[in-house]
Every structure is written in C-alpha cells, then in structure tokens.
Amino acid sequence: LYQYSLDSNIEDEEILSTKEKFFDVLAPMGDYKYLASSADGKFFVLDANTKKIDLLFELADDPMLRGVAISEDKEWLAYARNYEGSGTGKSGGSIWLYNFETKEQKELVKKTELGLYQGFSILGWRDNDSELIVGGLGGDAGATWGDIYQVSVETGALVKVSAVIEKNKMQ
C-alpha cells in the first residue's frame with residue numbers, strides 16, 4: 001500500500017506491505033484504516049498509522065466474494081458469498097454480516113439460487129443501516145444482467161426492486 005503524492009517533487013511512500021497473494025483494499029474504515037481481503041477468503045484491517053496488518057476473520061471454504069459495504073455507524077460489514085451452480089449453470093449466493101466489535105458473523109440471507117451466472121453483490125447500506133441494497137448480477141460474453149434487491153437487516157427479507165418504466169417513454 002502506497003501513499004501517492006500529486007507533487008512530482010515528493011516521492012511515493014510505502015505504507016504497508018504483505019506477503020499475501022492477490023491482496024485487495026476494499027473500503028476505508030476511517031482513521032487511516034482500510035478493510036482488505038486476500039484471494040483465499042481472509043479479511044484484514046490495514047492500519048496506515050501503525051503500519052500493521054491484522055487478520056480480522058477468515059472464511060474456511062474460500063468462497064467467491066463480490067462487493068462489501070461497511071455500515072454508516074462503522075459497526076457492521078456486509079459481504080456476499082457466491083457459488084457456482086451445478087450442471088444447470090445457475091449460480092447464487094448468501095449475504096452475511098460481521099460485527100467489528102463482537103466478531104459475530106450472521107447469515108442474513110440463506111444460500112439462494114439466482115440464475116444463470118449470477119451472484120450477489122453488496123451495493124450499500126441505507127435508512128440508518130436498517131437495509132442493504134444488493135445486486136443479483138451476472139454476465140457472460142460481455143453482456144450483463146440482474147436485479148436489485150432491498151434486504152431488511154432485522155429480518156433478512158429479500159425484496160426485488162424493479163425500475164418503473166413508462167411505456168410512452170420507451171423507444
């Protein structure tokens with residue numbers, strides 16, 4: 001992780017380094033801390049002030065992760081675990097929450113089959129952290145498709161959101 005300067009007279013400064021392969025910085029957490037993950041399902045906190053990398057938690061079955069979001073109050077991490085379908089080509093996923101303080105992990109939406117080459121992607125939190133906005137997105141050969149869902153953090157209810165298109169506006 002480097003701190004880059006827009007001033008060409010100031011050298012870039014290496015803040016942190018790791019031996020993890022395919023390391024991804026996912027989101028800022030405030031106070032020069034960043035959420036990161038590795039390709040093998042590990043989540044880390046990178047602290048640019050102390051130059052430390054701490055393991056937050058690890059997912060044992062090495063799922064495909066797509067999109068994460070930290071709640072506005074910085075207490076929860078929402079992430080999607082996706083899986084490949086069987087011979088039908090249909091795929092799906094589940095939605096999980098992780099509490100930074102208690103270290104509790106909670107499956108909010110159980111494993112759900114979505115459709116051909118689709119998986120969940122966390123898009124963000126809304127309504128004072130009471131709902132998640134989630135995409136059930138997929139794609140193949142350059143084409144993309146999918147749906148948008150609202151998820152109640154209290155109940156895990158998954159509600160499909162459809163855009164309203166006026167017929168006289170379609171061409």
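**Strands and salt bridges in a predicted model**

Colleague: What relative accessible area does K160 have?
Modeller: K160 counts as partly exposed, the class between buried (under 20% relative accessible area) and exposed (over 50%; 1.4 Å probe, protein chains only). The model is predicted: local features need pLDDT of at least 70, side-chain atom pairs count only at pLDDT 80 or more, and totals for chains, interfaces and linings use all residues. Residues are numbered from 1 along each chain as its sequence is written, and side-chain values use heavy atoms, leaving out hydrogens and water. For K160 the relative accessible area is 48%.

Colleague: Which residue forms a salt bridge with K160?
Modeller: A salt bridge needs a side-chain nitrogen of Lys or Arg within 4 Å of a carboxyl oxygen of Asp or Glu. For K160, the closest N and O atoms are 3.7 Å apart in its pair with D147. K160 sits in strand β14 (residues 158–161) and D147 in strand β13 (residues 143–152), so the pair ties together parts 13 residues apart in sequence. The partner, partly exposed at 25% relative accessibility, is D147.

Colleague: Which residues do salt bridges with shared partners join into one network?
Modeller: The side chains of D127 and R126 meet at 3.1 Å, N to O. R126 is partly exposed at 34%, and D127 is partly exposed at 43%. The network joins R126, D127 and E131.

Colleague: How many salt bridges does the count come to?
Modeller: E107 and K110 also meet in a salt bridge, at 3.6 Å, N to O. E107 is partly exposed at 26%, whereas K110 is exposed at 56%. The count by this rule is 4.

Colleague: How many strands are in the chain?
Modeller: Helices (H or I, at least four residues) and strands (E, at least two) are DSSP runs, numbered from the N terminus. The chain has 0 helices. Its strands number 14.

Colleague: What is the strand order in the open sheet of 4 strands?
Modeller: Strands count as paired if DSSP finds at least two bridges between them. Here β3 and β4 (residues 33–37) pair over 5 bridges, and β5 (residues 42–47) joins β6 through 6. Both of these pairings are antiparallel. The order is β3-β4-β5-β6.

Colleague: Which strands are the edge strands of this sheet?
Modeller: An edge strand here pairs on one side only. The edge strands are β3 (24–30) and β6 (52–58).

Colleague: Which residue in the turn between β5 and β6 has a positive phi?
Modeller: β5 and β6 form a hairpin with 4 residues between them. The phi asked about is about 60 degrees, at K51.

Colleague: Is A69 buried or exposed?
Modeller: A69 lies in strand β7 (residues 64–70). Leaving aside neighbours within four places in sequence, A69 has contacts (heavy atoms within 4.5 Å) that include W76, I122 and W125. At 10% relative accessibility, A69 is buried.

Colleague: What accessible area does the nonpolar patch of L123, L137, I148 and V161 have together?
Modeller: Patches take residues with over 30% relative accessible area and no salt bridge, joining like charges within 9 Å and nonpolar side chains (Val, Leu, Ile, Met, Phe, Trp, Tyr) within 5 Å. L123, in strand β11 (residues 118–126), is partly exposed at 46%. Accessible areas come from the Shrake-Rupley method with a 1.4 Å probe; for residues, only the protein chains shown count as cover. Together the patch residues have about 280 Å².
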